[in-house]
Amino acid sequence: MLKLSGGSMMSIEKFIRASDIAIINYLGRRNPSITDNENYFYFNRGSALTVVAHLDTVRKAGKVELINDNGVLSNKNGILGADDRAGIFLLSKAFKMDCNILVTNYEETGGKGVSKFVKDYPEACSGTKFFIELDRQGIDNYVTYTELPTSYKLILETLDFKEEYGSFSDITILSGHYLVPSINIGVGYYNQHTAKEYLDLQDLARAGRNLKLLLRTKWQHEKITKALDYDSYGYEFDDSYGYEFDDVLYDELDLYGITDDFQKIKDKIINSDKLRRLIESEILNLVT
Ligand SMILES: [Zn+2]
């Protein structure tokens with residue numbers, strides 16, 4: 001089996017094809033601050049923001065044969081697994097950004113990896129004030145499973161994120177444990193958990209731009225008082241298996257070639273009445 005290397009030429013295709021074990025080995029080589037080498041890989045980088053994604057997929061065993069139809073990726077043999085390898089791919093880029101990184105396993109089977117993380121190391125993310133998860137279908141959207149402070153909602157609205165509603169994900173457990181806000185944002189996959197799953201590479205690139213935007217925003221860091229009840233969600237156990245992937249290198253998606261017009265967004269925020277009032281009271285501002 002080909003090993004994932006830590007080089008800069010790792011393509012989204014490679015992250016999608018990789019077995020869980022290959023991803024685990026890749027993360028291990030990046031020297032996590034805390035890991036049990038299976039359920040969680042936490043990279044504490046001294047930030048107040050922690051970005052989260054899960055390495056497991058609901059894909060069945062079997063060879064992945066990728067089809068790239070005009071920038072839309074799918075798997076000829078069924079479930080693509082961009083949920084959540086798209087998130088893992090973006091996290092691999094986040095090593096260049098100002099954030100802590102948490103990769104979990106077994107999200108698809110009820111958040112077992114993240115549950116073990118908070119049990120084994122209940123204080124590990126005590127410096128985190130906001131969790132941002134990369135594990136959502138679509139693009140330019142977010143869901144929250146907790147109370148979200150009004151100022152956060154206003155910022156997200158101004159940044160053109162649309163609020164949607166979704167079921168359980170890992171941040172449900174993290175927000176409940178630490179009582180800090182969290183959001184899960186769209187990373188460009190669609191029809192996840194079905195044979196019709198696909199990943200739009202333009203949307204993936206835009207998700208990279210969205211992540212940068214969120215990490216460059218100065219949040220006021222409010223606490224929350226409670227997380228939503230997630231006990232009522234039920235999950236079917238659906239194992240995923242490793243498989244081999246071939247050694248084809250694709251050009252890396254150019255997340256950093258996209259023009260990030262931060263000044264334009266900053267102007268827009270300053271021109272928003274509601275946000276201006278908040279900014280004037282020095283509750284928040286956008287860092288560029
Ligand atoms: Zn997922």
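Angles under 35 degrees between two axes count as roughly parallel, those over 145 as roughly antiparallel, those from 65 to 115 as roughly perpendicular and the rest as oblique. The model is predicted, so that local features need pLDDT of at least 70 and side-chain atom pairs count only at pLDDT 80 or more, while totals for chains, interfaces and linings use all residues. Residues are numbered from 1 along each chain as its sequence is written.

**Exercise 1.** Determine how helix α4 and helix α6 are oriented relative to each other, and which residues make the contact.

*Solution.* Helices here are DSSP runs (H or I, at least four residues), strands are runs of E with at least two, and both are numbered from the N terminus. Helix α4 covers residues 112–120 and helix α6 residues 170–178, and the two pack at an angle of about 20° with their axes 8 Å apart; axes are lines fitted to C-alpha atoms, for helices over the stretch in contact, and angles run from 0 to 180 degrees between N-to-C directions. The two helices are therefore roughly parallel to each other. Val-114, Ser-115 and Val-118 of α4 meet Asp-170, Ile-173, Leu-174 and His-177 of α6, where contact requires C-beta atoms, placed from the backbone, within 7 Å.

**Exercise 2.** Decide whether Ala-53 is buried or exposed, and list what it touches beyond its sequence neighbours.

*Solution.* Ala-53 lies in strand β3 (residues 49–54). A residue is buried if 20 or more other C-beta atoms lie within 10 Å of its own, exposed if 12 or fewer, and partly exposed in between. Ala-53 has 28 other C-beta atoms within 10 Å, and is therefore buried. Leaving out residues up to four places away in sequence, Ala-53 touches Asp-84, Gly-87, Ile-88, Leu-91, Val-103, Glu-133, Leu-134 and Asp-135. One of these, Leu-91, touches Val-51, Ala-53, Ile-101, Val-103 and Leu-134 under the same exclusion.

**Exercise 3.** Find which residues of helix α5 are buried, and on which side or sides of the helix they lie.

*Solution.* In α5 (residues 150–158), the buried residues include Tyr-152, Ile-155 and Leu-156. They cover an arc of only 95° around the axis, which puts them on the same side of α5; the arc is that of the directions from the helix axis to the C-beta atoms. An α-helix has 3.6 residues a turn, so residues three or four places apart point the same way. The cover over the buried residues of α5 includes β8 (141–143) and β12 (217–218). Just after α5, Asp-160 takes a positive phi of about 70°.

Definitions and conventions. Contact = placed C-beta atoms within 7 Å.
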